[in-house]
Amino acid sequence: MRLFAEEAKLGTMELLLTAPIRDSEIVLGKFLAAFTMLLAMFSLTLYFPLLLIWFGDPEILPILTAYAGLVLMGSVAVAIGLLGSSLTSNQIVAAIVSLAVLLLLWLASFVATLGGPGSLWVDFIRFLSLNDHLRDLTFGILDSRDIVYFLSLTAFFLFITSRIVEMRRWR
């Protein structure tokens, strides 16, 4: 949450914005740094599937697709966190904004069940649900729609973040 919020709080955002790089490069650099840290944390959990493979005979495909879903979900969460951090100079507010957006995307399938089957809005809200797209990957179903969904959502939030950083440059 401190990727942009701490820069704005300490006053180093102006120094960053006057560097001879584009705003999208700043956003992408901060995203890749946070995403690399997330991948490093995920890599520490690889011990358990390796241990399971060593001592048992599990199906490998559900394990691989679940990890792919976890990485894709993590990229969306990092992009949303970056957006929340770019909106404010307070880390706590950035965390709350990011958590609220992630919670809305996570609970979209629950809201869609309240509607009723067959409605266009219900189908659209269900499509926005992180939970529905992640569920298929955890069951071992590798669908290109889920991968495109997560990558598109990540790109969308990174694009919005770069526009907000660009707006800060001209304030």
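The following legends describe close-up views of a predicted model.

**View 1**

**View 1. Leucine 130 and its contacts.**
With neighbours within four places in sequence left aside, leucine 130 is in contact with Met73, Val76, Leu102, Leu105, Trp106, Tyr149, Phe150 and Leu153.

**View 2. Phenylalanine 150 in helix α10.**
The relative accessible area of phenylalanine 150 is 0%, so this residue is classed as buried. Not counting residues up to four places away in sequence, phenylalanine 150 touches Leu72, Met73, Val76, Leu130, His133, Leu134 and Leu137. Phenylalanine 150 and alanine 77 lie 73 residues apart along the chain, and their C-alpha atoms are separated by 10 Å.

**View 3. Threonine 154 in helix α10.**
Is this threonine buried or exposed? Threonine 154 is buried, because its relative accessible area is 7% and the limit for a buried residue is under 20%. When residues up to four places away in sequence are not counted, the residues touched by threonine 154 are Phe31, Ser75, Val76 and Ala79.

**View 4. Helix α1 and the residues it buries.**
Helix α1 spans residues 2-10, and its buried residues are Phe4, Ala5, Glu6 and Glu7. These buried residues pack against α2, α3, α5, α6 and α10. Just after α1, glycine 11 takes a positive phi of about 85°.

**View 5. The salt bridge between arginine 126 and aspartate 132.**
Side chains of opposite charge can pair when their charged atoms come close. In this pair, the closest N and O atoms are 3.6 Å apart. Arginine 126 has a relative accessibility of 32% and therefore counts as partly exposed, whereas aspartate 132 is buried at 14% relative accessible area.

**View 6. The salt bridge between arginine 145 and aspartate 143.**
The two side chains meet with an N to O distance of 2.8 Å. How accessible are the two partners? Arginine 145 counts as exposed, with a relative accessibility of 60%. Aspartate 143, at 18% relative accessibility, counts as buried.

**View 7. The salt bridge between glutamate 166 and arginine 163.**
The N to O distance between these side chains is 2.2 Å. Because glutamate 166 and arginine 163 are 3 residues apart in helix α10, about one helical turn separates them. Glutamate 166 counts as partly exposed at 28% relative accessibility, and arginine 163 counts as partly exposed at 39%. Elsewhere, salt bridges that share partners join Arg126, Asp132 and Arg135 into one network. The count of salt bridges comes to 5.

Conventions:
Residues numbered from 1 in each chain as written. Predicted model: local features only at pLDDT ≥ 70, side-chain atom pairs only at ≥ 80, totals over all residues. Heavy atoms only, no water. Contact = heavy atoms within 4.5 Å. Helix = DSSP H or I, 4+ residues; strand = E, 2+ residues; numbered from the N terminus. Buried < 20%, exposed > 50% of the residue type's maximum accessible area, 1.4 Å probe, protein only. Salt bridge = Lys/Arg side-chain N within 4 Å of Asp/Glu carboxyl O.
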